[in-house]
Amino acid sequence: MPSRFISIYCSQCEAFILRYRKEGSGALIRIYLNRIQAPEHFQQYKHATGKSELPSLDCLQCKQRVGTPMIHDTGNRPAYRLIKGSFRKREE
Ligand SMILES: [Zn+2]
């Protein structure tokens with residue numbers, strides 16, 4: 001399956017949030033921790049088994065909430081459910 005890189009920016013202040021390796025086409029609704037390329041600190045949560053272990057996904061600059069932690073039930077994959085309208089994405 002082809003993958004592509006998508007960078008996400010805050011819709012409110014344009015600050016960089018994260019860079020993600022997306023597989024397949026379709027809307028970006030959920031992002032999995034193990035596919036976040038940057039910032040690197042997300043890597044330490046990729047084996048989390050409970051959503052309370054994940055930090056909230058907020059814009060570091062203006063503090064807008066961008067995603068809510070979740071554990072995707074197929075395969076226990078830690079992820080963030082993105083909040084519609086809180087981010088802009090750019091393919092690169
Ligand atoms: Zn912001």
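Modeller: What follows is about a sheet, a loop residue and a core. Keep in mind that the model is predicted.

Colleague: Start with the sheet. What is the order of its strands?

Modeller: The order is S3-S7-S6-S5, in an open sheet of four strands. The pairing is antiparallel.

Colleague: What makes S3 and S5 edge strands?

Modeller: Strand S3 (30-32) and strand S5 (57-58) each pair on one side only.

Colleague: How do you know that S5 and S6 pair?

Modeller: Pairing needs at least two bridges between the strands. Two bridges join S5 to strand S6, residues 65-72. So the two strands count as paired, given that cut-off of at least two bridges. Asp58 stands opposite Arg65 in S6.

Colleague: How many bridges join S6 to S7?

Modeller: Six, and the strands run antiparallel. Gly67 has Leu82 in S7 as its bridge partner. S6 and S7 form a hairpin, with four residues between them. In the turn, Gly75 has a positive phi of about 90 degrees.

Colleague: What joins S3 to S7?

Modeller: Three bridges, again in the antiparallel sense. In S7, Ala79 is the bridge partner of Tyr32.

Colleague: Now the loop between S5 and S6. Which residue should I look at there?

Modeller: Cys59 lies in that loop.

Colleague: Why is Cys59 called buried?

Modeller: Count the other C-beta atoms within 10 Å: Cys59 has 21. The cut-off for buried is 20 or more. Therefore Cys59 is buried.

Colleague: Which residues is Cys59 in contact with, leaving aside neighbours within four places in sequence?

Modeller: Among them are Cys10, Gln12, Cys13, Ala15 and Ile17. Gln64 and Val66 are in contact with Cys59 too.

Colleague: How far apart are Cys59 and Glu14?

Modeller: They are 45 residues apart in sequence. In space they are 9.2 Å apart, C-alpha to C-alpha.

Colleague: And the core? Which residues touch the most other members of the largest nonpolar core?

Modeller: Ile17, Leu18, Ile31, Val66 and Phe87, out of 15 residues. Strand S1 (3-10), strand S2 (16-23) and strand S7 (77-82) each supply at least two residues of this core.

Colleague: What is Ile17 in contact with, leaving aside neighbours within four places in sequence?

Modeller: Ile8, Tyr9, Cys10, Cys59, Val66 and Phe87.

Terms used: Residues are numbered from 1 along each chain as its sequence is written. This is a predicted model: local features need pLDDT of at least 70, side-chain atom pairs count only at pLDDT 80 or more; totals for chains, interfaces and linings use all residues. A nonpolar core is a set of buried Ala, Val, Leu, Ile, Met, Phe, Trp, Tyr and Cys residues joined through C-beta atoms within 7 Å. A residue is buried if 20 or more other C-beta atoms lie within 10 Å of its own, exposed if 12 or fewer, and partly exposed in between; C-beta atoms are placed from the backbone. Two residues are in contact if their C-beta atoms, placed from the backbone, lie within 7 Å.
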